[in-house]
Structure formats: C-alpha cells, structure tokens
Amino acid sequence: MKCPYCSAPDSRVVNSRPSDDGASIRRRRECPTCARRFTTYERAQLEPLMVVKRSGPREAFNPDKLLRGLTLATEKRPVDPALLRAFAYGFEDDFGLSEIPSEEIGRRAMTFLRPLDDVAYIRFASVYREFDSLERFIEEIRGLKDQDPPGDPPEAE
C-alpha cells in the first residue's frame with residue numbers, strides 16, 4: 001500500500017483485526033521511509049445495484065440520492081431521520097437483483113412513507129408521479145382517504 005504522507009510505494013502491516021462485525025478488516029500500517037502510521041480498511045467489493053432510468057441510461061444506485069428525496073418529503077414532519085437513513089442504506093441489501101427500474105425505487109419509497117406520514121407521502125408522490133395540476137393532488141388525497149381503515153377517527157388538526 002502506498003504511503004499517503006510521502007508516497008513511498010510500500011508499507012508494512014503493524015496490526016490487523018476485524019471491524020464492523022467482521023464485514024471489514026482494519027489494518028494499521030507503517031511506512032518504512034517516513035515512519036508515519038496510517039489505517040486502512042479492507043472490504044469486499046460487491047457489484048453495485050444498477051438503476052435503469054426512465055429515459056434508458058443506467059447508473060449505480062446511490063442511497064444518498066434516495067435519502068435526499070425522502071428527507072425533502074419529510075421536512076418539518078414528525079418522522080425519525082434514522083428510519084429514513086435505515087431505509088435508504090438498507091434498500092440495496094433488500095433487493096436481490098442486479099438492476100432495478102427507477103420507477104420501482106419510487107414505488108417502494110412511497111410504500112415506505114405511506115404508513116409514516118400522509119403529508120410526506122403526498123410530497124414524495126407529487127414529484128415521483130409528476131403532478132401537473134391541482135386536480136392530480138386532490139385525486140391523490142381522495143385516494144388516501146379511501147384507503148384509510150374504516151372506524152378510525154380522523155386526526156385532529
């Protein structure tokens with residue numbers, strides 16, 4: 001491993017141990033040229049989940065992009081950010097294939113948001129489904145009301 005301080009071409013491993021519950025290996029290294037120490041992590045590199053965009057191109061799945069969309073939808077809403085983070089970063093692990101259409105990511109995100117918060121769900125749906133009129137908003141809200149279980153009292157505002 002090349003030294004990050006002096007760019008010497010080699011370094012020696014001083015200490016090695018499992019990290020992240022065995023998902024990676026932490027190695028403490030020392031440069032024989034400058035005698036400085038640094039840490040490296042070794043992880044298995046898996047094939048990335050590829051997203052097939054609506055227009056056709058493919059790109060690697062980016063959980064930060066999904067998290068950003070969920071965060072915008074839940075802004076100023078009583079939704080725990082840890083739930084959003086767990087969903088976004090666990091998304092790739094829960095999906096067994098190597099490719100996924102971007103529409104499927106949107107559908108799964110809406111399914112995730114629906115029980116958490118109606119407002120966040122509508123916000124996300126308005127972008128995902130590209131609402132272009134007030135009528136589309138009203139139609140989606142009516143659909144939410146129709147899906148509410150009977151007998152549940154309406155929430156106070």
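A contact is counted here when heavy atoms lie within 4.5 Å. In this predicted model, glutamate 30 touches Ser11, Arg12, Val14, Ala35, Arg36 and Arg37, with residues up to four places away in sequence left out of the list. Glutamate 30 itself belongs to strand S2, which covers residues 24–30, and this glutamate is buried, its relative accessible area being 18%. One of the residues touched by glutamate 30 is Val14; although glutamate 30 and valine 14 are 16 residues apart in sequence, their C-alpha atoms are 6.6 Å apart in space.

The cysteines were examined next. The structure contains zero disulfides, a term that requires a pair of cysteine sulfur atoms within 2.5 Å. For cysteine 6, the closest cysteine sulfur is that of cysteine 31, and because the distance to it is 3.6 Å, the two are too far apart for a bond. Cysteine 31 is likewise in no disulfide, the sulfur of cysteine 6 being the nearest cysteine sulfur to it.

The chain has a mean pLDDT of 84, and 90% of its residues reach 70 or more. Over residues 149–157, however, pLDDT stays under 50, and for this stretch the model has zero contacts beyond four places in sequence.

How values were computed:
Residues numbered from 1 in each chain as written. Predicted model: local features only at pLDDT ≥ 70, side-chain atom pairs only at ≥ 80, totals over all residues. Heavy atoms only, no water. pLDDT = per-residue confidence, 0-100. Helix = DSSP H or I, 4+ residues; strand = E, 2+ residues; numbered from the N terminus. Buried < 20%, exposed > 50% of the residue type's maximum accessible area, 1.4 Å probe, protein only.
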